[in-house]
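Visitor: Could you take me on a close look at one part of this protein, and show me how that part sits within the whole? I would be glad of a single connected tour.

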Amino acid sequence: MQGLHLTADLYQCACDSQLMLDADAIAALCRNQTELSGLTLVDERWVKFPDWQGQPGGVTGTILLAESHLAIHTWPETGNVTIDVYVCNFSADNSPKAQALMEGVVQALQPKHAVRQQLWRGDIATDGVGQYPWVMEQLTPDAAFGFRASHVQRRQTAFQTLEMMETASFGRVMRLDGHFMTSERDEFFYHECMAHPAAIAHPAPKQALIIGGGDGGMAEELLKHSTMQRVVLAELDEAVIAASKAELEKVHRNVWNDPRLQIRIGDGMALIDQTEERFDLLVMDLTDPDTPASPLYQTPALQRMQRVLTPDGALVLHLGSPIFHPEQVRQLSQTLRGLFKHVCCYGVYVPLYGAYWGMAVCSNALDVKALDAATVQQRLQARGVKELQYYNPEVHGALFALPNYYRDLVA
C-alpha cells in the first residue's frame, strides 16, 4: 500500500468561473490532467451543490484511479479549492505521476496562494508494522537501485522535480527528476574524484568554471587548492542552490561564503558563448547524459566548451556507468577523442548511484594518467589540500587502472 498522498489548499483562484461552478467543466479538467499524467481513470462521481443564501453552490468530485484517487472541492463564494491526490506504488513508482496530476489541476485554477502538503503512507508488513517507503532510481529498463527514505520533501521547480529525503545509509539525500544526485555521507566519492585528478595534474589552476554543481560540493573541493583564485558556478536552477544551502551543509561546508566563488544563475552554455574569459578547468557537474542535459554531452556543446579553456586547460565530466550504460560510455568517449588529444577515462564506485561510474579528464596538453604519486603528494602539500576522504597519491593512479571491459569500451 506504500504511496504518496498530496494535498493542496488553494485560495483566491483567478480561473474561469466555470472551473468553480460547473461540474462538467471541472470533471473535464480532471479527466484531461489524469490522462496527461499517465494515471488510469476507472470511474468518477461529481455533485453540484445548490445555491445557499444567495451564494452559488460549489462542486465536489472524485476520480477513482487504478492507482487510487483524486478528490476536489470548490467554494466559489470565496474562490477557494481543496484537492487531494493519492497514489499507491505497489507495482511501480507513481509518485511523479501524482505530482504531475496535482500540478496540472493547480495551474489551471490559478490560485493567488496555495498551501501544499504531502504524506508518505508506508508499507504494511505481515506483522502490521508500517515501514518507510522504498525510493528507487531506474538505472535501465531492467535494473533499479534504491533504499528506504523518510521525511521526503518534493517540489516542482521551474525546471525539474527536486526531492530532499532522509536515509539511514546516506543521511540527507537530494534527487532530481528521479535521479540521485548527492548525499551527506558519500558525496566525497564523487566530488573528490571529479575535482582533484584534473586540478592536481594542472601545474597551477587559477580559474575554474562549473556547469551545474548547485549542491556546492564541487566548488568546495576545487577551492581547497590554494592556487585557485576564482571558481564560477553556473547553475540553471536557483532552487537547487537554495535547497542545498538549507539542508546539505555537510556537502558544501558553507563554500558560499568563500569570496573566490562567484554564482551565475542561468544557462551555463549562454555564459560560455558570451564570455571572453578562459578557464584552466571546466567541470560538467550535471545530471546524466541520458537526461534533459543530454545536448551538453554532444559535439556542438563540447566544442563551445573547448573554446573557453586555456591552452593547458582540461574538461572534466562523467560518462555514466560502464556496467549499466556501456553504449553511452562508448559513444561519449569516442566523441571526446575526436575533440581532445588526451582523453583519460577513469572510474569510481559511487555508493549513492549503486554502480561503478565512469568519468573523464579531457585536454590537449594534460595527460592526467602520466602523473606519478610523488608529484601528486608534492602538489597536495604545496597547495594545502586537506580533509580528503577518498583521493590520495596512490588513488590517483588507481583511478585510471581500468578493468578490461571498461578499457575495451573506451579504447
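Guide: Happy to! Let's begin with the layout: the protein is divided into domain 1, covering 3–120, and domain 2, covering 187–410. Please keep in mind that this is a predicted model. Taken over C-alpha atoms, the centres of domain 1 and domain 2 are separated by 44 Å, and the C-alpha trace of the protein spans about 85 × 50 × 35 Å along its principal axes. There are 13 helices and 20 strands in the protein.

From these, let's pick helix α3, which runs over residues 95–109. Helix α3 has 15 residues, and the distance from its first C-alpha to its last is 22 Å, close to the 21 Å expected at 1.5 Å a residue. Which residues of α3 are buried? They are Ser95, Ala98, Gln99, Leu101, Met102, Glu103, Gly104, Val105, Val106 and Leu109. Just after α3 comes glutamine 110, with a positive phi of about 55°.

Now let's step back to the whole chain. Of the 411 residues in the protein, 55% are buried. Among contacts between residues at least 6 apart in sequence, 64% join residues at least 24 apart. As for the surface, the protein exposes about 18,000 Å², with carbon and sulfur atoms supplying 52% of it. Finally, a word on charge: the protein carries 32 positive and 48 negative side chains, and the centres of these two sets lie 6 Å apart.

Terms used:
Residues are numbered from 1 along each chain as its sequence is written. This is a predicted model: local features need pLDDT of at least 70, side-chain atom pairs count only at pLDDT 80 or more; totals for chains, interfaces and linings use all residues. Side-chain values use heavy atoms; hydrogens and water are left out. Domain bounds come from an automatic or database domain assignment. Helices (H or I, at least four residues) and strands (E, at least two) are DSSP runs, numbered from the N terminus. Buried means under 20% relative accessible area, exposed over 50%, partly exposed in between (1.4 Å probe, protein chains only). Contact means heavy atoms within 4.5 Å. Accessible areas come from the Shrake-Rupley method with a 1.4 Å probe; for residues, only the protein chains shown count as cover. Lys and Arg count as positive and Asp and Glu as negative; His and the chain ends are not counted. The place of a charge is taken as NZ of Lys, CZ of Arg, CG of Asp or CD of Glu. The expected span of a helix is 1.5 Å times one less than its number of residues.
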